[in-house]
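Have a look at the model below before reading on.

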Amino acid sequence: FLINLKSVRETRYTISIINQLGQKVASMETGKFKDNWKGVFDITGNESGLYFIVIENAKEKIVKKLILK
């Protein structure tokens, strides 16, 4: 799946995919960017179920649900 991020100031993010057991199944870092960033996660080998996308930098952390069918 495709991830799009926007930032008004130059920053670096870590993006992780976490399963229901709290295990990290994938992650990537954006490198420093300002404005727009796009990245692709390939998680086709993972089982169906509920996962969490964690997007964080030094000042903030965002968690979103992801359901694989």
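Predicted model: local features only at pLDDT ≥ 70, side-chain atom pairs only at ≥ 80, totals over all residues.

## Strands and a hairpin

Two strands pair if DSSP finds at least two bridges between them. Helices (H or I, at least four residues) and strands (E, at least two) are DSSP runs, numbered from the N terminus. With that in hand, look at β2 and β3: they form a hairpin with 4 residues between them, and Gly 22 in the turn has a positive phi of about 85 degrees. Residues are numbered from 1 along each chain as its sequence is written.

Strand β2 covers residues 14–19, and β3 covers residues 24–29. The two run antiparallel and are joined by 5 bridges; Ile 15, for instance, has Met 28 of β3 as its bridge partner. Strand β2 also runs antiparallel to β5, with 6 bridges joining them. Here Ile 18 has Phe 52 of β5 as its bridge partner.

## Inside strand β2

Is β2 enclosed or open to the outside? Of its 6 residues, 5 are buried, so the strand is largely enclosed by the rest of the structure. Buried means under 20% relative accessible area, exposed over 50%, and partly exposed in between (1.4 Å probe, protein chains only).

Ser 16 sits in β2 and is buried, with a relative accessible area of 3%. Contact means heavy atoms within 4.5 Å. Not counting residues up to four places away in sequence, Ser 16 touches Lys 24, Ala 26, Ser 27, Phe 52, Ile 53 and Val 54.

## The nonpolar core

A nonpolar core is a set of buried Ala, Val, Leu, Ile, Met, Phe, Trp, Tyr and Cys residues joined through side-chain atoms within 4.5 Å. The largest one here has 15 residues, and those with the most contacts inside it are Leu 5, Ile 15 and Phe 41. The elements giving two or more residues to this core are β1, β2, β4, β5 and β6 (61–68). Strand β5 gives the most, with 3 residues. In soluble globular proteins, nonpolar side chains tend to be buried together.

## Thr 30 and its neighbours

Thr 30 lies in the loop between β3 and β4 and is buried, with a relative accessible area of 12%. A polar atom of its side chain lies 2.9 Å from the backbone nitrogen of Tyr 13. Leaving aside neighbours within four places in sequence, Thr 30 is in contact with Leu 5, Thr 11, Arg 12, Tyr 13, Ile 15 and Trp 37.

## Aromatic rings

How many aromatic pairs does the structure hold? There are 3 aromatic pairs. Rings of Phe, Tyr and Trp (its six-membered ring) pair if their centres lie within 6.5 Å; planes under 30 degrees apart count as stacked, over 60 as edge-to-face and the rest as tilted. Phe 1 and Phe 41 form a stacked pair, 5.7 Å centre to centre with 20 degrees between the planes. This pair links distant parts of the chain, 40 residues apart: Phe 1 is in the segment before β1 (2–11), and Phe 41 is in the loop between β4 (33–40) and β5 (49–56). Phe 1 counts as partly exposed because its relative accessibility is 33%, whereas Phe 41, at 5%, counts as buried.

Phe 33 and Trp 37 form a tilted pair, 6.4 Å centre to centre with 35 degrees between the planes. Both Phe 33 and Trp 37 are buried. Ring pairs link Tyr 13, Phe 33 and Trp 37 into a cluster.

Notes: Heavy atoms only, no water. Polar contact = N/O pair within 3.5 Å; in protein donor to acceptor, adjacent residues only side chain to side chain.
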